[in-house]
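Subject: Structure for your review

Dear colleague,

Please find below the structure that I am handing over to you.

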Amino acid sequence: MRYRISVSKIDQLRSYMDEEYNTTQQDVIDYLKGTKAFTPAMTLGTAFHSLVEMNHRDVEICEDPKHGTIFKVKVPELQYPMTFTAGQAKPAVEFAAAHRGAIYETPVEKEVHISGVDVLITGRVDMIEGRSGRDIKTGKYNLDVDQRYRSSQWRFYTWILGLKDFHYDNFRLLLADSNAGPIMIGSEYESVSFDTYDGIEADCLRYLASLIDFARMHDLMSYLEEKKK
Amino acid sequence: MIKITTPQEPLPPVNAVFIFYGPPGVGKSSFGFTAHKPLLLDFDGGVERAVGRKDVAKINLYDEIEDMMEKDQFASLDFKTVIIDTGGAFLDKFAAEYVMRKDFKNKKGDGSLSLSGYGAIGVLFQRLVDYFMKKKIDIVIICHGVEKEGAGDTLRIRPKMTGGSYNVMMGFATMVGYMEMINGKCTLNFNPTDSHVGKNSAEFAPFALPHYTDPAYSNLLAELIQKTKDKLNAHSVEQAATLELITELTRTVAACSMPADFASFASKIVSHPEYIKAPIGKLMKDRMAECNVTFDRTSGQYSSKAVPATTTDSEKVDSPSPESRAENPDNSQTPEHKARLILTEKGYSGDEMVTMLQQCRDLAELEKTTLDKAASSCPVKKAPSKAKAKA
C-alpha cells in the first residue's frame, strides 16, 4: 500500500496551521477528500494563467474587427473560451516572451518512507528554467512575501528537483464587476525568489509527517491511498 | 514597468543587497562597518554605540538622499558599500513620509500609507538600488528583529518593518541573515529556520563572528559580500550552460519519432540531475503521445501503438507539432506536416530534421511562401541518416 500526497495538500494544512486566509480545519479535510468549488474570479485566474503559459492548445490568437488582436483561452470549467484584448493580455504575453526557454507544467514525484508508510509526493511545477523554478500566481491581491516565504510549496519543489532557487511571479488582476461576472481591467506584476538552504529536506519531511498525523487523526488516510491504474 | 531579464540575456554585473537583522546590541552596525569602504546612512540615530565606526551620514529627511542622487554627490565620495541603518526607519518613516508628502493619494485617512503609497515606496527603493548598482556600490540594510506568529503557537523572527515595506525590501534581497548571541558569541545564520527568516544565495553555513578585536573581524563583511558575488556570478554561468543543454535536449526530443529514438534518448537523460530530467522527461512523454509511442514499465520496452488503418506509415513517423495541430485539426494538410514528409523523403531525420525545418521556416518567411514549398527546395541527402536506416 502506497499513499499519494500532493504538495498542494501538504501546503493546505500548513496554511491552516499558519492561520492564513481564514482557512479552517474543515477546509483542510474537504481538500484532502478532493472537493473544491471554483469561483468566477478563480476561473479568470485560471484563464490568465494559461495566457501566461501561452499554451497553444488552450490559447487561440484571433483578429476581431472591433478590438483588433484578441486572445481566446479555453477554460475547463467553462463551455466557452474567455476572451482577452491585447491590452489585457500584454503583461502575460511579455512575461511569456521573456521566458521562452522555460518548460511548463512539469510533473514532479518523489517516493519517501515516513511515519511507517510509503508515500509518493506529487506535484506540478508551473515553469522550470534551468536550475530555477517558477510559480505563477494570479489573483486580486498584491504579492505577500511573508506568506509566500512561509509556503511549503517552494521548499518541496526546490528540494525534490535540486533547484537553486524558486520564484513567485504574481499577477495582480484588477477586476471590475459586471453582469457577466468579473472583468479584467488591468494587471500588475511583482516577483520574489527564495533560495535553497541547508535543512530544506528535513523541513519538507516535517510538513509531510504533520499531514499524515492530521489524516490519521481525522480518519482520512483512505482518501490518500494511491489508486491502481 | 518591471524590466525582465531573460535567462538567455547576460545579467548585469552583480551587486549584493545584504540584510542583517537581530536584537538590539548584538553588533549589527559594528559588523556593517567591516564592509569594503562603507558609508553608513543613519536613519534612526543608533550608530553612536557602534565599534570601529567609519563614515556616517546622518539623514534628517529623505529629500537629502534624493538630492544627493540627483546632483550625483555620492560619486564624489569614495565608498564601495552603502549601509542603511535601519531599514525599518528608512522605509516606514523617511520614505513613507516623503511619498505621502509628494502625493496625496499615497496617504490614508488615518495618516498611514495607502496601497499606492507602498507602490511609491517600491519605486523609490528601486531607484535607490539602481543608482548604487550603476555605481557598483553594494547595499547593506540593517534591521531590528520582530517576532511574528508562525505555525501553531510558534513565533518567527523577521526584519522589523510594516508588511508593505517588508515585501518591497525582501524582493531586492540577495542575502538575509539573522544575528543573535549564542553562548556569549554573536552568530550569523542565513538559512531560513522555524524561528527566523533567511535567504542564503551563497549557501553559507551558520558561523560565529570573531571578536571585534580579532584582526579577522576588520574586513569580515567585505569578504562575505565578495564571496557572495563570486557565487552569484558562478551561478549565472552555470545557469546559462544548463539552459543551453536544455535547449539542445528539447530540440533532440522534438526530432524523436520512433520507439528506438525514444529508447536512445531516455538512456541519455537518465544520468542528468532531476532539474533537467523532470522537465525533459515531460517533453519526451508529450512527444511520445504525439508519435503514438508507449513505454511498458514491466518490460522496459518502447513500442508503437496500433494506429487506424487509414493512417499511412509516413504519418506514424512524422507527427505534426502541437502548435500545428492547434492551428489545423486536419494534421495531414498542414504545411509543416508536408514539409516533414518531404524532408523525410530527402533523407533527413533526427537533429538534421530540426535544423532543416528551422532553415525552411526562415526561407518561407523570407520568400513569403509556405513551409512545404521551402522544404521542396532543400537538397537531397546522399545517404539516409541512422534514424532513417533504423526505421
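The notes that follow cover conventions, then chain A, then chain B.

**Conventions**

This is a predicted model, in which local features need pLDDT of at least 70 and side-chain atom pairs count only at pLDDT 80 or more, while totals for chains, interfaces and linings use all residues. Residues are numbered from 1 along each chain as its sequence is written, chains are lettered from A and ligands numbered from 1 in the order in which they are written, and side-chain values use heavy atoms, with hydrogens and water left out.

**Chain A**

The mean pLDDT (the predictor's confidence in each residue, from 0 to 100) of chain A is 85, and 90% of its residues reach 70 or more. Confidence in this chain is lowest in helix α3 (residues 40-53), with a mean of 75, and highest in helix α6 (residues 153-161), at 97. Helices (H or I, at least four residues) and strands (E, at least two) are DSSP runs, numbered from the N terminus.

An open sheet of 3 strands in chain A has the order β2-β3-β4, with antiparallel pairing; two strands pair if DSSP finds at least two bridges between them. β2 (59-64) and β4 (82-85) of chain A each have a single partner strand and stand at the edges, so one side of each is left without a neighbour in the sheet. From one strand to the next, the twist averages 30°. Between β3 (residues 68-73) and β4 of chain A there are 4 bridges, and A:Lys72 has A:Thr83 in β4(A) as its bridge partner.

Helix α4 (residues 86-98) of chain A lies across β3 and β4 of chain A and runs at about 90° to β4(A). Here axes are lines fitted to C-alpha atoms, for helices over the stretch in contact (heavy atoms within 4.5 Å), and angles run from 0 to 180 degrees between N-to-C directions. α4(A) has a kink of about 30° centred on A:Ala92, the bend at a residue being the angle between axes fitted to the seven residues ending there and the seven starting there.

Elsewhere in chain A, β6 (residues 117-129) and β7 (residues 132-139) pair in the antiparallel sense over 3 bridges, with A:Ile128 opposite A:Gly133 in β7(A). The two strands form a hairpin with 2 residues between them, and A:Gly130 in the turn has a positive phi of about 65°.

**Chain B**

Chain B comes to 14 helices and 12 strands, and 46% of its 391 residues count as buried.

Strand β7 (residues 175-182) of chain B runs parallel to β1 (residues 17-22) of chain B, to which 4 bridges join it; B:Phe20 stands opposite B:Gly177 in β7(B). With β8 (residues 185-189) of chain B, β7(B) runs antiparallel over 5 bridges. In the hairpin of β7(B) and β8(B), B:Asn183 takes a positive phi near 50°.

β7(B) also pairs with β9(B) in the antiparallel sense, over 2 bridges, and B:Val176 has B:Lys199 in β9(B) as its bridge partner. B:Asn200 lies in β9 (residues 199-200) of chain B and is buried, with a relative accessible area of 2%. Leaving aside neighbours within four places in sequence, the contacts of B:Asn200 include A:Asp195, A:Thr196 and B:Met175.

With kind regards

How values were computed
Buried < 20%, exposed > 50% of the residue type's maximum accessible area, 1.4 Å probe, protein only.
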